[in-house]
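Open the model in your viewer and keep the selection tool at hand. The tour goes stop by stop, each with something to select.

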Amino acid sequence: MRYDDFRRSDDIDDRRGDDGGGGGGGGGGGFGLPMGGGGLGIGTVIVLGLVGWAFGIDPRILIGGAEILTGGGQAPSYQSDRRSAPAKTGAPTDEMGNMISGILGEIDDRWSEIFQASGQTFTGPRIVLFRNVTNGGRCGRAESAMGPFYCPPEKQIFLDTGFFRQVETRFHGCSGNACKFTAAYIIAHEAGHHVQNLLGILPRVTRLQQQAGSKAESNALQVRIELQADCLSGVWVNREEKKRPGFLEAGDIDSALTTASAIGDDTLQRQATGRVVPDSFTHGSAEQRKRWFMTGYQQGTVKACDTFGAGSL
C-alpha cells in the first residue's frame, strides 16, 4: 500500500507513552485474554473473548452483556469517564503513527464524500493509540488483549498498534509489506462501525438484541453488524482506489482476504477449542467475512452492504 500522499488526520490521541491511566478495572471493566500462545481453554466465555479480540465493537459487550449482546432486556450502560494522563494530539511523527494518521485522513475524506452525496454530514471518529492498557472513557478500561475496538458513546477507535504484529506473527493474516494494507483494512472496519453508529444502525440493532429470545438470535444480529462493517471497509477501498489509482500494490487485496479468513469465527473457534459452534458466531465465518469485504470493494456502495436485508450471508 502506497500512502505517501495520504492526507494526515490530526484526530488522534497518542497515549503510547502513557502507563495506562484510568486506574483499575472496576465498574464493569474489561477482561484479559493472553496474547501469547497456548492455554486458552474452552467454553463460551473464552470463545466470545477470542472472537471479540479479532476486532469489532467494544468487546466487553460480547461477554458482560452491557450493551449489544444483552439478550435479556437490560438497558445499555457505560461507565463514568476516568481521564488518562494528557495525551499527545495531532498526527504522530513515527512511522506507524504516521501511517495510521494517513489512513484515518483518507477514510474521513472518502466517507465525507459519500455522506455529502446523500445530503448528510460526516464527522469522523478519533483514534486512540495506546500500549497495553488505557482509559476507554465510557467504555471502561481498554486493554491490548481486547484488540482494536470502536466505542460508540465516545465515537472513538481504541488501538494498540502491537495488534498488527499479532496479526502477522500469531494469526498469519499477512506478511511483509502487505501488512500495511491489512492495518488499513482493520482501521476501515472500525470506521465502518462508526458509520453504522452515525446512521443509527447500531442503536436499532441494540434494541433488537435486547428483545431477542435467545443468545443465538442476538449473536446472529451481531454477525450481520460485523459483516456489514467488513463490507463498508471494502467500500472505502473502492472509493480510495478511484481517488488515488495505484495506492494498492500487488498482494494487498489478497492480504486483506487472508486476514479476514484468519479472524473468522470458525477459524478462531477451531484454534481455541477444536470445534465450531455456529450459534455462538459474533463476527461471521472466514468465507462470510471475505465475501462481504469483496462485495463492498467490488460494488463500492453503501447499498451493497445491506447484510440485514440479505437472505443469505
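## Stop 1: the disulfides

This predicted model holds two disulfides. A disulfide is a covalent bond between the sulfur atoms of two cysteines.

Select Cys 139 and Cys 151. Their sulfur atoms are joined, with S to S at 2.1 Å. Which hand does this link have? The torsion about the S-S bond is about 95 degrees, so the disulfide of Cys 139 and Cys 151 is right-handed. Cys 139 sits in the loop between β5 (133-135) and β6 (141-143), while Cys 151 belongs to strand β7 (residues 149-151). The two are twelve residues apart, and the pair links distant parts of the chain. Both Cys 139 and Cys 151 are buried.

Now select Cys 231 and Cys 305. Here too a disulfide is formed, with S to S at 2.1 Å. The angle about the S-S bond is -75 degrees, and the link is left-handed. Cys 231 lies in helix α7 (residues 215-243). Cys 305 lies in the segment after α10 (286-299), 74 residues away from its partner. Colour this pair by accessibility. Cys 231 has 0% relative accessibility and therefore counts as buried. Cys 305, at 1%, counts as buried as well.

## Stop 2: the whole chain

Zoom out and switch to cartoon. The protein has ten helices and eight strands. Of its 313 residues, 59% are buried. Draw the contacts next. Among contacts with a separation of 6 or more, 76% are between residues 24 or more positions apart.

## Stop 3: the largest core

Select Met 1, Trp 111, Phe 181, Val 237, Ile 253 and Phe 293. These residues have the most contacts inside the largest nonpolar core, which has 57 residues. Which helix gives this core its largest share? Select helix α5 (residues 179-198): ten residues of the core come from there.

Centre on Phe 293. Beyond its sequence neighbours within four places, Phe 293 contacts Phe 181, Tyr 185, Asp 230, Cys 231, Ser 233, Gly 234, Val 237, Ile 253, Ala 256 and Leu 257. One of these contacts, Cys 231, is a cysteine from the left-handed disulfide.

Move to Ile 253, in helix α8 (residues 252-262). Ile 253 is at 15% relative accessibility, so it counts as buried, the cut-off being under 20%. Leaving out residues up to four places away in sequence, Ile 253 touches Phe 181, Val 237, Leu 248, Phe 293, Met 294 and Tyr 297. Pick the C-alpha atoms of Ile 253 and Thr 182. The two are separated by 8.6 Å, although they are 71 residues apart along the chain.

## Stop 4: two crossing helices

Select helix α3 (residues 95-117) together with α7. How do the axes of α3 and α7 cross? The axes come within 10 Å and cross at roughly 90 degrees. That angle falls in the range of 65 to 115 degrees, so α3 is roughly perpendicular to α7.

Show the side chains at the crossing. From α3, take Ile 103, Glu 106, Ile 107, Arg 110, Trp 111, Glu 113 and Ile 114. These meet Leu 232, Val 235, Trp 236, Arg 239, Glu 240 and Lys 243 in α7. Trp 111, found in this set, is also on the list of residues with the most contacts in the largest core.

## Stop 5: the strands

Select Gln 156, in strand β8 (residues 156-160). Is Gln 156 buried or exposed? Its relative accessible area is 10%, so Gln 156 is buried. Apart from neighbours within four places in sequence, Gln 156 is in contact with Asp 13, Arg 126, Val 128, Phe 149, Tyr 150 and Cys 151.

## Stop 6

Most residues other than glycine have a negative phi. Two loop residues are worth a click.

Select Asn 132, in the loop between β4 (126-130) and β5. Its phi is near 70 degrees, a positive value. With a relative accessible area of 58%, Asn 132 is exposed.

Finish at Lys 155, in the loop between β7 and β8. Phi of Lys 155 is near 55 degrees, again positive. At 40% relative accessibility, Lys 155 counts as partly exposed.

Terms used
Residues numbered from 1 in each chain as written. Predicted model: local features only at pLDDT ≥ 70, side-chain atom pairs only at ≥ 80, totals over all residues. Heavy atoms only, no water. Core = buried A, V, L, I, M, F, W, Y, C linked by side-chain atoms within 4.5 Å. Buried < 20%, exposed > 50% of the residue type's maximum accessible area, 1.4 Å probe, protein only. Helix = DSSP H or I, 4+ residues; strand = E, 2+ residues; numbered from the N terminus. Contact = heavy atoms within 4.5 Å. Disulfide = S-S within 2.5 Å. Axes fitted to C-alpha atoms, helices over the stretch in contact; angles between N-to-C directions. Parallel < 35°, antiparallel > 145°, perpendicular 65-115°, else oblique.
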